[in-house]
Amino acid sequence: MLNQPFRQWSIYTTFLVLGGSLGFLGHAYWVQRQLNESLQTYQDSRPYAPPLNNLPLEQDSVNFIAQAVQSVGPAVVRIDALEVSAGKPSGTLFKRFFPFDEGDPSPGGDRQSSGTGSGFILSHDGQLVTNAHVVGDSTQVKVTLKDGQVFEGKVMGVDELTDIAVIKIEATGLPTAKLGSAASLTPGEWAIAIGNPLGFDNSVTVGIISALDRPSAQVGIPDKRVRFIQTDAAINPGNSGGPLLNVRGEVIGLNTAIRADGQGLGFAIPIETARRIAQQLFTEGKATHPYLGIRMLTLDGEGKSRLQADFPDLAADLQLQQETGVLVTEVAPNSPAAIANIQVGDILTQVDNQPVLTAFDVQDAVEQSTIGTELTIQLKRQGTMQHLTVQPTEFPN
């Protein structure tokens, strides 16, 4: 039996614990009630704000990328090549760089999906542009709009030299892409790509303009006549033919795809080139390119080294240590250049009264000329300056 002092101490301790607990719980209840009342007063006093997912796109919380995509996205389409010509071989030089954009048609030329890529709408009545390597040898394609509508499109023209193709679908009131300009681009500007890479439709990537005027030979396709825009925006197989945008949502280039051996490198055809070729294809069914019929070598350090390695006989006959310009290494028989008496070993210094320092300068000057119209050439032959005139013809098939 507990003694009297211990019983009294136990009773006092129990009352003390019970009293402290009740006091603590009462204080916590009071604090929570005050907090709830303050929060209710704040919520009642502030203006109504709609849920974030209902905010209109033009709110400040949305960036320029989303605005550009909303503006152009509905005009971007998926293109599936459906038909190949019986007996025509499949595959081009582009196969090396865009191996997934093109499919392999069956040996008998059966109707099937032979390639998948992107494109965008140029006109409300169904004119589209894409890459030539997307449509391949197809004459009909399946065009899928962003809203899910599907059309059968007719390939109206293909230009292999610039890798441009145009398609027509029977529709009206279509959304169109706003075309901008690549002429005033500066490396470092933002670039936005929209397309259907690897089967993921309506995908958006962003990066910067990495470089301008990349010659097709540098990109690895010397048989093309394009100076590419280089970007680090992710451009994967399936992106080919889709638009490259600036910060205003204007199309500045036609995405061409990636090099299979590249890391973070994408290329686009300047919109000026794409628009010019597309107009010719729609109106005439083909694009025309002036042709001289020469092979050239730029006389810089690398070019002179190549001359020693590839043309030792020609290098032995020429004194080129101090020379600059563009060396003619081959002249095609019966070509405009041969008719004008341009010879192997000539050094081109001006074309159409414009100085030329590289083979790409000559190519650009010829591309801007007119078929059948005389073009003035200034060249140096065995140390003597000469002026010749040549009439470019249409680039032979």
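**Strand pairing, a helix and a loop residue**

In strand β19, the bridge partner of R381 is T384. The model is a predicted one, in which local features need pLDDT of at least 70 and side-chain atom pairs count only at pLDDT 80 or more, whereas totals for chains, interfaces and linings use all residues. Residues are numbered from 1 along each chain as its sequence is written, and side-chain values use heavy atoms, with hydrogens and water left out.

Strands β18 (residues 375-381) and β19 (residues 384-390) run antiparallel and are joined by seven bridges; two strands pair if DSSP finds at least two bridges between them. Strands (E, at least two residues) and helices (H or I, at least four) are DSSP runs, numbered from the N terminus. Two residues lie between the strands of this hairpin, and Q382 takes a positive phi near 50 degrees.

Helix α5 covers residues 271-284; at 1.5 Å a residue its 14 residues should span 20 Å, in agreement with the 20 Å between its end C-alpha atoms. The expected span is 1.5 Å times one less than the number of residues. Buried residues (under 20% relative accessible area, 1.4 Å probe, protein chains only) in α5 include I271, T273, A274, I277, A278, Q280, L281 and F282. G285, which follows α5, has a positive phi near 85 degrees.

E250 is placed in the loop between β10 (243-245) and β11 (251-257). With a relative accessible area of 13%, E250 is buried. Apart from neighbours within four places in sequence, E250 is in contact (heavy atoms within 4.5 Å) with K178, L179, G180, L244 and L245.

Technical notes
Buried means under 20% relative accessible area, exposed over 50%, partly exposed in between (1.4 Å probe, protein chains only).
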